[in-house]
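Please keep the sequence and the 3D view open while you read.

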Amino acid sequence: MLIFKKKNTFLKLKVYLIPCDPGLRQEILKIEKNYKNKEIEAPPENMHLRMKDHFILSTDMDGAVIRPKEVKLEYQFTDPPYFQVRIRNPDTDFILKLTKKKESTPVWTCTIDEDDYQSNSHAPAARPSAGAAGVDTTSDDQHFVDKYKLQLTDKVSHMDPILDRLLDRGVLQREAYDTIRALPTSQKKMRELYCGCLQAGAASKDIFYQILLENEKFLIDDLNTKH
């Protein structure tokens, strides 16, 4: 398990469930370093878990929001999936628990101390330069993808590779992918994404933002100057 605290005005954690692979661990550390996120030490337990099984993350902190609902244990070096834990105004220690889907006994627990997050969790996030790899995707509690919905809908043009990546990452299911690919214009495809998979939560929007950075870099750079 790898845990990182995102820079924000409230507490956001990214919790990765990954196989025991030093190369994959270093790849994730590099990604999070680019985002300027702080690592929180997790218990160094060797868990004997089966690949392709699904797991659920929970916490004892009231009001916490965790997305997505579950994560599959698998090797994925490109944009590895993660849980996002969002807590507004935490003021005490809390516990994270990982449980195999349809089972009740945790396979891993971790106590997040107040000292792990309190130093910067309530301070305004510094904004990186336009186009930097570490751009924070939230502003004034609004996700970049939501804030610039109209501009993205009007100007994103390379939709097919974006849809391919969303399918590969599990954000789009095959039926929705086929439906959207069949639409006649990029604008209609974008509107369908906003009405569908991008309603699922911040994790889907984060993945969408990363894919946009790869496929519409100049547009995202331009919008980031306003972010």
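## A buried lysine and its partner

Lys 205 has a relative accessible area of 14%, so this residue counts as buried. Please keep in mind that the model you are looking at is predicted. Which residue forms a salt bridge with Lys 205? The partner is Asp 146, and the closest N and O atoms of the two are 2.6 Å apart. This pair links distant parts of the chain, with Lys 205 in helix α8 (residues 202-215) and Asp 146 in helix α3 (residues 144-147), 59 residues apart.

Asp 146 itself is partly exposed, at a relative accessible area of 29%. As background, side chains of opposite charge can pair when their charged atoms come close.

Now look at Arg 181 and Asp 160, whose side chains meet in a salt bridge at 3.1 Å, N to O.

Where do Lys 217 and Asp 221 lie? Both are in helix α9 (residues 217-224), and because they are 4 residues apart there, about one helical turn separates them. Lys 217 is partly exposed at 43% relative accessibility, whereas Asp 221 is buried, with a relative accessible area of 16%.

Some salt bridges share partners, and in this way Asp 160, Asp 164, Arg 181 and Lys 189 are joined into one network. How many salt bridges does the count come to? The count is 16 salt bridges.

## The open sheet

Turning to the strands, 4 of them form an open sheet in the order β6-β4-β8-β9, with antiparallel pairing. At the edges are β6 and β9 (106-112), each of which pairs on one side only.

Strand β4 (residues 54-59) pairs with β6 in the antiparallel sense, over 2 bridges. To find a place where you can see strands facing each other, look for Phe 55, which stands opposite Val 71 in β6.

Which residues make the nonpolar surface patch of about 290 Å²? Met 51, Tyr 75 and Phe 77 make it. One of these, Tyr 75, sits in the loop between β6 (71-72) and β7 (83-87). Tyr 75 counts as partly exposed because its relative accessibility is 45%, a value that lies between the 20% and 50% cut-offs.

## Cysteines

Is Cys 110 buried or exposed? Cys 110 has a relative accessible area of 3%, so this cysteine is buried. Cys 195, by contrast, counts as exposed because its relative accessibility is 63%. The structure holds 0 disulfides.

Note on methods: Residues are numbered from 1 along each chain as its sequence is written. This is a predicted model: local features need pLDDT of at least 70, side-chain atom pairs count only at pLDDT 80 or more; totals for chains, interfaces and linings use all residues. Side-chain values use heavy atoms; hydrogens and water are left out. A disulfide is a pair of cysteine sulfur atoms within 2.5 Å. Buried means under 20% relative accessible area, exposed over 50%, partly exposed in between (1.4 Å probe, protein chains only). Patches are made of residues with over 30% relative accessible area and no salt bridge: like charges are joined within 9 Å, nonpolar side chains (Val, Leu, Ile, Met, Phe, Trp, Tyr) within 5 Å. Accessible areas come from the Shrake-Rupley method with a 1.4 Å probe; for residues, only the protein chains shown count as cover. A salt bridge is a side-chain nitrogen of Lys or Arg within 4 Å of a carboxyl oxygen of Asp or Glu. Two strands pair if DSSP finds at least two bridges between them.
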